[in-house]
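Please find below my notes on the model you sent. They cover a few helices and some backbone angles.

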Amino acid sequence: MKTILNRLINHEMLSAAEAKNVLVNISNGNYNPSQIASFLTVYMMRRISIEELSGFREALLELCLRIDLLAYNTIDLCGTGGDGKDTFNISTLASFVTAGAGIKVAKHGNYGVSSISGSSNVMETLGVKFSNDANFLEKCVDQAGICILHAPLFHPAMKNVGPIRKELGVRTFFNMLGPMINPSFPKNQLVGVFNLELARIYGYLYQNTDRNFTILHSLDGYDEISLTCPTKFISNTKEGILNPDDFGVRSLAQTEIEGGTTIEASAEMFMKVISGKGTEAQNNVVCANAAMAIATVTKCTPLDGFELAKESLFSGKGLAALNKLQELSK
């Protein structure tokens with residue numbers, strides 16, 4: 001590790017094979033916590049290359065516990081996090097709205113590291129069971145239209161990194177990796193990223209897979225459609241800009257999509273929105289993100305996707321998906 005750290009400090013890049021080897025060594029417990037923390041810290045201060053991210057991703061996918069949900073043509077809605085915006089749990093809510101619209105969802109998530117309340121924090125608070133049992137997860141997708149893939153249960157390689165990330169409490173390159181390492185290898189993916197450079201890297205890496213994808217980055221820094229400004233999107237076939245009026249809604253102020261200050265407050269806000277009792281701003285931002293997930297799978301327009309998302313939210317279908325998941329978790 002000393003040689004690797006010195007190379008990185010001197011602004012040298014690792015090859016994909018070297019990056020992969022570092023993560024394999026981390027998973028095997030070959031480095032001490034100080035070395036791992038130093039490695040993560042270096043990557044907070046320098047850019048990551050396509051080769052490095054590719055190598056890290058390859059290592060984690062090879063080491064993960066795989067789950068086969070290919071029969072369901074699922075989509076994952078997952079942001080990198082690390083945008084420092086502390087929004088409410090938009091992508092998780094959008095996942096349930098998408099499921100309510102009849103699209104099967106395999107939601108990959110984790111506890112919050114650089115945010116107050118991550119996807120897993122809210123799901124756990126609401127009584128959703130975390131499991132890596134294939135039969136249970138298949139039953140969830142089949143009956144609720146959605147399953148929750150709690151990352152630590154599928155990536156045992158990261159047991160040596162989790163506590164260090166939590167202690168650091170800031171964005172690391174694992175934020176960049178999160179959406180790329182869904183253990184069910186979904187055929188469809190809606191990814192939110194925290195900057196344009198990462199959007200380009202994701203676009204390059206995903207072009208070399210068989211995945212059907214849409215990558216999102218709001219130009220004011222959000223790792224999702226925020227409706228606070230235009231959003232850059234990159235898909236398999238095109239790229240462009242999405243504006244709030246593409247969904248038939250107004251622009252929002254950043255204060256309108258802020259999250260709760262505790263996990264409990266975040267869960268309470270989650271229930272209010274999924275029950276159709278959110279503010280207009282909350283409803284619109286959730287439905288805009290669900291719209292792009294629906295459009296990614298069905299190839300409909302963002303506006304048509306938005307109407308389907310609204311119908312799912314306000315008819316109670318999104319809430320029914322959550323209720324079924326809670327029931328199956330008992």
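This is a predicted model: local features need pLDDT of at least 70, side-chain atom pairs count only at pLDDT 80 or more; totals for chains, interfaces and linings use all residues.

1. Residues are numbered from 1 along each chain as its sequence is written, and side-chain values use heavy atoms, with hydrogens and water left out.

2. Helices (H or I, at least four residues) and strands (E, at least two) are DSSP runs, numbered from the N terminus. Helix 2 covers residues 16-27; at 1.5 Å a residue its twelve residues should span 16 Å, and the 17 Å between its end C-alpha atoms agrees with this. The expected span is 1.5 Å times one less than the number of residues.

3. Buried (under 20% relative accessible area; exposed is over 50%, partly exposed in between; 1.4 Å probe, protein chains only) applies in helix 2 to Ala19, Lys20, Val22, Leu23, Asn25, Ile26 and Ser27. Their cover includes helix 1 (2-9), helix 3 (33-42), helix 4 (50-63) and helix 10 (173-177).

4. In helix 5 (residues 90-100), Thr92, Leu93, Phe96 and Val97 are in contact (heavy atoms within 4.5 Å) with Phe270, Val273 and Ile274 of helix 12. By class, this contact has six nonpolar, one polar and no charged residues; Ala, Val, Leu, Ile, Met, Phe, Trp, Tyr, Cys and Pro count as nonpolar, Asp, Glu, Lys and Arg as charged, and the others, Gly among them, as polar.

5. Most residues other than glycine have a negative phi. His11, in the loop between helix 1 and helix 2, has a positive phi near 65 degrees; His11 is exposed, because its relative accessibility is 63%. Asp86, in the loop between strand 1 (75-79) and helix 5, has a positive phi of about 50 degrees and is partly exposed at 36%.
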